[in-house]
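Work through the exercises below with the model open beside you. Try each task before you read its solution.

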Amino acid sequence: MKKNLLYIATLLLSSCADLEQKSISSIDKDNFYQSKEDIETAVNGIYQEFTVDGFYGMFNNQSIYINDLQTDYVKAGAQTNSAHIRELSNFAVQPTNVFVSYAWEEHYTAINRANVVIDKVSEASWLDEQSKQNYINEARFLRGFMYFNLVRYFGGVPIVLHDGEGEGAPRNSVDEVYEQIVADLTAGESLPANYTSLDSKASSLAASALLSKVYLVWAQTSSEKGKTNQSDYYKKAILYADKVISSGKYRLLDKFIDNWSVDKKNGAEHIFSIEHDRTINGNVSGHCTFATNWSNSEPVLLATSDKYYEQTDPRDQRRDGSWAKRLYNPNTGEDFEFTIPRFRKYIDSLNYANPSSPGNSAGQSVNTTIIRYAEVLLIKAEAENELNGPTAAAYDAINQVRRRAYWSPYEHAQFTPSDGSALELSGLTKEEFRERLREERRLEFVLEGQRWFDLIRWHILVKYVKANTPTDAETLGTKTTKAQNVSKKNYLLPLPQDQLILNRNLEQNWGYSGESGEGPYDSTFE
């Protein structure tokens with residue numbers, strides 16, 4: 001774990017291009033915390049850890065590289081010159097992979113910063129009680145969020161709640177980590193309703209939204225409490241989703257692509273996001289999906305095939321909101337057609353023609369979405385179906401997402417699917433509803449750092465990747481070995497090798513030390 005708790009590191013980017021980030025100097029935690037301004041600076045230090053380390057930054061593109069490259073539909077393109085990226089792309093990730101190492105270190109650095117804030121603010125006798133609780137609860141929200149990522153990446157991890165306690169700490173169980181996540185996010189729910197107007201800051205409703213997701217995922221783990229309390233956790237997922245829905249604060253945007261427009265940040269659908277600005281903490285995903293501009297040279301992040309675009313209904317606005325098969329080129333005044341579609345969400349069409357924002361870095365001001373209203377609706381629909389089958393409430397939630405998908409914001413008209421099927425789902429069995437729900441999530445969250453997590457919690461990673469990864473004949477451009485390599489060990493990342501050396505009490509995840517067979521994964525993992 002990193003020792004310097006409030007130092008924001010900088011790293012010269014590699015693999016995509018020479019991009020720059022500004023460094024921020026360190027502060028001394030022991031001589032700090034003398035005013036509210038000091039505390040706010042320290043809290044901001046937690047947020048800053050989300051976007052440090054340039055190319056390897058947690059939400060610069062690390063979440064995309066880990067969570068989308070390790071699926072069937074994204075691959076490392078020909079411009080990739082990093083073995084670490086290719087490892088993720090081909091399900092060949094090693095304990096020495098730098099993305100894995102940075103994921104562990106950056107999350108624990110953010111956790112340690114939160115721990116310092118919580119401890120120091122708790123000791124601040126000069127601070128009024130309401131302000132004290134607000135700062136503590138904001139830090140706990142962020143700490144819970146970090147542990148939620150860690151438990152899904154690595155399984156049980158050490159729970160560290162105070163500065164200096166992490167050295168030599170063993171792994172806690174998955175259930176113990178989830179209990180800590182729930183406790184921290186529940187504290188976040190106590191933030192005042194008017195605490196912030198920014199979706200990039202912790203808020204009470206963001207905590208409720210994350211709690212709905214935490215309980216849904218926990219219900220689908222193979223942990224002791226996940227299995228024993230599954231029904232109760234589904235009920236809680238619905239409860240917290242309903243808190244967000246009934247608040248009336250959020251709604252689905254009429255135009256799907258507006259969720260990633262740089263001039264529409266903090267929109268009505270955004271619940272919690274990571275803020276990016278290309279001059280400070282650029283979203284590297286915006287660069288690595290469009291670094292080759294209007295050409296058929298392969299960027300670093302690329303679709304494995306054009307089938308995902310071609311199989312999406314042209315009436316569904318998520319097709320052209322998620323994929324760029326054709327894109328207007330301001331240099332020629334005409335559309336350019338790509339052989340392999342680009343990922344549309346990270347192409348900033350407002351700025352790629354701006355001379356001060358060259359096309360290959362124009363997407364760096366696009367925010368990273370952590371949770372938005374569409375997901376809360378789909379969480380409710382999924383939990384309702386798993387608990388009670390396809391209830392009226394489940395249909396209402398999923399059909400809101402489908403109605404937006406087939407709404408034309410240009411013609412102000414409600415479309416229906418091109419194949420003549422009904423727009424609104426009805427009359428499905430529990431199993432049929434489950435499959436349609438999974439398909440809606442696939443269509444809705446293209447390159448949002450969701451897909452690997454989804455395939456894992458549904459226990460279908462290996463089966464799905466083998467069944468859906470394009471064959472060599474179907475794969476356009478650079479080939480992959482996804483289907484050949486994927487195995488049950490890929491349900492978790494390996495613990496970083498350097499952490500195993502530093503902490504002899506840590507044990508490597510199954511499969512990364514040469515084990516064979518099924519390991520801890522029973523027949524429910526396919």
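**Exercise 1. Which residues have the most contacts inside the largest nonpolar core?**

Solution. Start with the term: a nonpolar core is a set of buried Ala, Val, Leu, Ile, Met, Phe, Trp, Tyr and Cys residues joined through side-chain atoms within 4.5 Å. Buried means under 20% relative accessible area, exposed over 50%, and partly exposed in between, with a 1.4 Å probe and protein chains only. The largest core has 143 residues. Those with the most contacts inside it are F50, Y65, F141, Y147, F154 and I181.

Next, take F141. Contact means heavy atoms within 4.5 Å. Leaving aside neighbours within four places in sequence, F141 is in contact with D184, L185, G188, A202, S203, A206, A207, L210 and F272. A second, separate core has eight residues, including W294 and I347.

Two notes on the source apply throughout. The model is predicted: local features need pLDDT of at least 70, side-chain atom pairs count only at pLDDT 80 or more, and totals for chains, interfaces and linings use all residues. Residues are numbered from 1 along each chain as its sequence is written, and side-chain values use heavy atoms, with hydrogens and water left out.

**Exercise 2. Classify the ring pairs F55–F99 and Y178–W218.**

Solution. Rings of Phe, Tyr and Trp (its six-membered ring) pair if their centres lie within 6.5 Å; planes under 30 degrees apart count as stacked, over 60 as edge-to-face and the rest as tilted. By this rule there are 41 aromatic pairs.

- The centres of F55 and F99 are 5.7 Å apart and the planes stand at 65 degrees, so this pair is edge-to-face. F55 lies in the loop between α1 (36-48) and α2 (58-67), while F99 lies in helix α4 (residues 98-122), so the pair ties together parts 44 residues apart in sequence. Both F55 and F99 are buried.
- The centres of Y178 and W218 are 5.2 Å apart and the planes stand at 10 degrees, so this pair is stacked. Y178 lies in helix α6 (residues 174-188) and W218 in helix α7 (residues 204-219), so the pair ties together parts 40 residues apart in sequence. Y178 and W218 are buried.

**Exercise 3. How do strands β4 and β5 pair?**

Solution. Two strands pair if DSSP finds at least two bridges between them. β4 (residues 323-329) and β5 (residues 334-343) pair in the antiparallel sense over six bridges. L327 stands opposite F336 in β5. The two strands form a hairpin with four residues between them. In the turn, G333 has a positive phi of about 75 degrees.

**Exercise 4. Is L461 buried or exposed?**

Solution. Locate L461 in helix α17 (residues 461-468). Its relative accessible area is 0%, so L461 is buried. Now list neighbours, not counting residues up to four places away in sequence: among them are Q70, F91, W452 and E526.
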